[in-house]
Amino acid sequence: MTTTRLVVNVAAFQAAWFGAIGGAAAGRAWLGPAAAALLVAGHLCVAARPARELAILLLVGLVGSAWDSLLVVLGLIEYRGAAPASGVAPYWIASLWIAFATTLNVSLRWLRGRRWLALPLGAVAGPCAYAAGESLGALRLLDPPAALLAQSVGFAVLLPLSTWLAARCTADEPAESRRA
C-alpha cells in the first residue's frame with residue numbers, strides 16, 4: 001500500500017466527516033451522504049474486491065447506525081437533520097459510518113490483530129469525534145457525561161469489532177493483491 005493511498009484515504013474520510021457534520025449543522029444534511037457517496041465510489045474503484053469491500057461498508061454502516069440509534073432511544077444524543085423514524089439516527093450518521101468503514105482496509109489496516117490497541121483508541125477517539133460534532137452544531141449531547149461515557153464504551157467495542165469484520169471479509173486475499 002502506497003503512502004499516497006493512505007494519505008488520500010485519510011483526507012477523503014476527513015472531507016466526508018466535515019461534509020456530514022458541517023452539512024447537518026448548517027441544515028444541509030444531504031451534504032454528508034453526498035460526500036460519503038463520492039468517497040465510497042472512489043474507494044470501490046480501487047478496491048481489489050469491490051463486492052467484499054461494499055459488504056464491509058454496509059455491515060459497519062448498519063452496526064454503527066444501530067449504535068447511534070440506541071443512543072437516541074436512550075435519550076443521550078439528539079441529532080440535527082432528518083431521521084427515517086423516531087428513535088433512529090439520521091441518514092447522515094449512517095453515511096458517516098459507511099465513510100468510516102472505507103478506512104478499515106486502508107489507513108486503519110494497521111489496527112488488525114491489535115485489539116488491545118484498538119480498544120483504548122476507540123474509547124478516546126469516539127467521544128472526541130462526538131464532542132467535536134456537538135461543538136460544530138451537528139448534534140447535542142443531552143447528558144454530556146453519560147453520553148461521552150457511553151460513546152467511550154461503545155467505541156472501545158466498535159473499533160476492534162470493525163477492524164475484525166474488515167479483516168474477516170478479506171481474510172483469504174493474498175496480501176500483495178489487496179489494493180483497498
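Me: How many helices and strands does the protein have?
Reply: Happy to start there. Helices (H or I, at least four residues) and strands (E, at least two) are DSSP runs, numbered from the N terminus. The pattern along the sequence reads α-α-α-β-α-α-β-α. The secondary structure therefore comes to 6 helices and 2 strands, given those DSSP runs.

Me: What kind of model is this, and how are residues numbered?
Reply: Residues are numbered from 1 along each chain as its sequence is written, and side-chain values use heavy atoms, with hydrogens and water left out. This is a predicted model, where local features need pLDDT of at least 70, side-chain atom pairs count only at pLDDT 80 or more, and totals for chains, interfaces and linings use all residues.

Me: What is the radius of gyration of the protein, against that of a compact globule?
Reply: The radius is taken over C-alpha atoms, and the globule rule is 2.2 Å times the number of residues to the power 0.38. For 180 residues, a compact globule would be near 16 Å. The protein agrees with this, at 16 Å.

Me: Which residues of helix H4 are buried?
Reply: Buried means under 20% relative accessible area, exposed over 50%, and partly exposed in between (1.4 Å probe, protein chains only). H4 spans residues 91–101 and is mostly covered, with 8 of its 11 residues buried. They are Trp92, Ile93, Ser95, Leu96, Trp97, Ala99, Phe100 and Ala101.

Me: Which elements do the buried residues of H4 pack against?
Reply: A contact here means heavy atoms within 4.5 Å. The partners include strand E1 (77–79). Helix partners are also found: H1 (3–25), H2 (31–46), H3 (50–73), H5 (115–135) and H6 (144–169).

Me: How many disulfides are there?
Reply: A disulfide is a pair of cysteine sulfur atoms within 2.5 Å. Cys169 is in none, as the nearest cysteine sulfur, that of Cys45, is 20 Å away. By this rule the count comes to 0 disulfides.

Me: Is Cys169 buried, exposed or partly exposed, and what is its relative accessibility?
Reply: Another cysteine, Cys128, has 47% relative accessibility, so Cys128 counts as partly exposed. Cys169 also counts as partly exposed, because its relative accessibility is 25%.

Me: How far apart in space are Ala129 and Trp17?
Reply: Ala129 lies in helix H5 and is partly exposed, with a relative accessible area of 28%. Ala129 and Trp17 are 112 residues apart in sequence. In space, C-alpha to C-alpha, their separation is 9.5 Å.
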